[in-house]
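Me: I have a structure open and I want to learn how to read it. Can we go feature by feature?

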Amino acid sequence: AIRELPATVIPFRYPASWTRAAAYLAAHVPPGAPVIVLPWHLYEPLHFTHHELTANPAPVVFPGRLLSPNDLEIPGAVTEVATPDHLGAVALDPGRSGCRLPATLRHLGVRWAIVEPAPNSATADAALRRCGWRVRAGRRPGLVVLHTPSG
């Protein structure tokens with residue numbers, strides 16, 4: 001297994017937008033406040049990994065109490081512990097209209113979101129912005145930190 005390591009583990013430097021977002025969260029988000037990481041996948045094809053499928057590094061990079069999935073997403077097998085208010089299902093399908101995702105987050109007391117620049121993040125980003133969430137750090141097409149004042 002050690003001989004195969006160089007072919008399977010490739011080091012990448014986190015983009016500056018990620019480190020700036022981490023600094024913003026550390027300075028502005030109250031300790032213990034829940035922060036959702038979107039899109040809701042344990043593995044993501046991220047731009048800085050040249051869209052190679054990568055274990056989502058958000059829990060390592062960002063401070064605070066992050067809400068992120070623990071489902072390996074193996075077809076035909078559900079490994080994720082059920083989330084309150086079916087957050088996992090809502091985050092994966094935030095809806096093209098209405099405020100289903102923001103309403104679920106509000107009910108759970110989530111007022112902060114990190115939206116990663118991943119191929120499937122645009123729907124969640126649009127749903128949050130359409131329903132009153134505002135960008136506090138970063139800018140599209142890169143990583144953004146969004147916040148809603150309503151709780």
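Me: Start with Arg129. How do I read its relative accessible area?
Reply: Compare the value with two cut-offs: under 20% is buried, and over 50% is exposed. Arg129 has 32%, so it is partly exposed. Keep in mind that this model is predicted.

Me: And Asp125: buried or exposed?
Reply: Use the cut-off again. Asp125 has 7% relative accessibility, so it counts as buried.

Me: What joins Asp125 to Arg129?
Reply: Look for a nitrogen and a carboxyl oxygen within 4 Å. Asp125 and Arg129 form a salt bridge, with their closest N and O atoms 3.1 Å apart. Both residues sit in helix α6. They are four residues apart, about one turn of the helix.

Me: How many salt bridges does a search of the whole structure find?
Reply: One.

Me: Let's step back. How many helices and strands are in the chain?
Reply: Count the runs. The chain has six helices and seven strands. Along the sequence, the pattern reads α-α-β-β-β-α-β-α-α-β-α-β-β.

Me: What share of the chain's residues is buried?
Reply: Of the 151 residues, 42% are buried. Contacts tell you something else. Take those between residues at least 6 apart in sequence: 64% of them join residues at least 24 apart.

Me: Now a helix. Which residues of α5 are buried?
Reply: Helix α5 covers residues 100-107, and its buried residues are Leu101, Pro102, Thr104 and Leu105.

Me: Why do the buried residues of α5 line one face?
Reply: Look down the helix axis. The buried residues of α5 fall within an arc of 160°, so they line one face of the helix.

Me: What do the buried residues of α5 pack against?
Reply: They pack against β1 (34-38), α4 (87-92) and α6 (122-130).

Me: What follows α5?
Reply: Gly109 does, and its phi is positive, near 80°.

Me: Next, strands. How do β6 and β7 run?
Reply: Check the direction and the bridges. Strand β6 (residues 134-138) and strand β7 (residues 144-147) run antiparallel, joined by four bridges. The hairpin from β6 to β7 passes through five residues.

Me: How many aromatic pairs are there?
Reply: Five. Take Trp18 and Phe48. Their ring centres are 5.2 Å apart and their planes meet at 75°, so the pair is edge-to-face. The angle cut-off for that label is over 60 degrees.

Me: Which parts does the pair of Trp18 and Phe48 tie together?
Reply: Trp18 is in helix α2, and Phe48 is in the loop between β2 and β3 (53-55), so the pair links parts 30 residues apart in sequence. Both Trp18 and Phe48 are buried. They also belong to one aromatic cluster, together with Tyr14 and Phe62.

Me: How many residues does the largest nonpolar core have?
Reply: It has 21 residues. Those with the most contacts inside it are Trp18, Phe62, Ile114, Leu143 and Val145. At least two residues come from each of α2, β1, α3 (58-61) and β5 (112-115). The largest share, five residues, is from α2.

Me: What does the second core include?
Reply: This separate core has 16 residues, among them Leu38, Trp40, Leu105 and Leu146.

Me: What does Val145 touch?
Reply: Skip residues up to four places away in sequence. Beyond those, Val145 touches several residues, including Ala21, Tyr24, Leu25 and Trp112.

Me: Where is Phe12?
Reply: Phe12 is in the loop between α1 (5-8) and α2 (16-28). With 31% relative accessibility, it counts as partly exposed. Skipping residues up to four places away in sequence, Phe12 touches Phe48, Thr49 and His50. The C-alpha atoms of Phe12 and Thr49 are separated by 6.8 Å, yet the two residues are 37 apart along the chain.

Me: One last residue. Where is Glu44, and is it buried or exposed?
Reply: Glu44 is in strand β2 (residues 43-45). At 1% relative accessibility, Glu44 counts as buried. Not counting residues up to four places away in sequence, its contacts include Pro39, Glu52, Glu116 and Asn120.

Notes:
Residues numbered from 1 in each chain as written. Predicted model: local features only at pLDDT ≥ 70, side-chain atom pairs only at ≥ 80, totals over all residues. Heavy atoms only, no water. Pairing = 2+ DSSP bridges. Buried < 20%, exposed > 50% of the residue type's maximum accessible area, 1.4 Å probe, protein only. Arc of directions from axis to C-beta. Contact = heavy atoms within 4.5 Å. Phe/Tyr/Trp six-rings, centres within 6.5 Å; stacked < 30°, edge-to-face > 60°. Core = buried A, V, L, I, M, F, W, Y, C linked by side-chain atoms within 4.5 Å. Salt bridge = Lys/Arg side-chain N within 4 Å of Asp/Glu carboxyl O.
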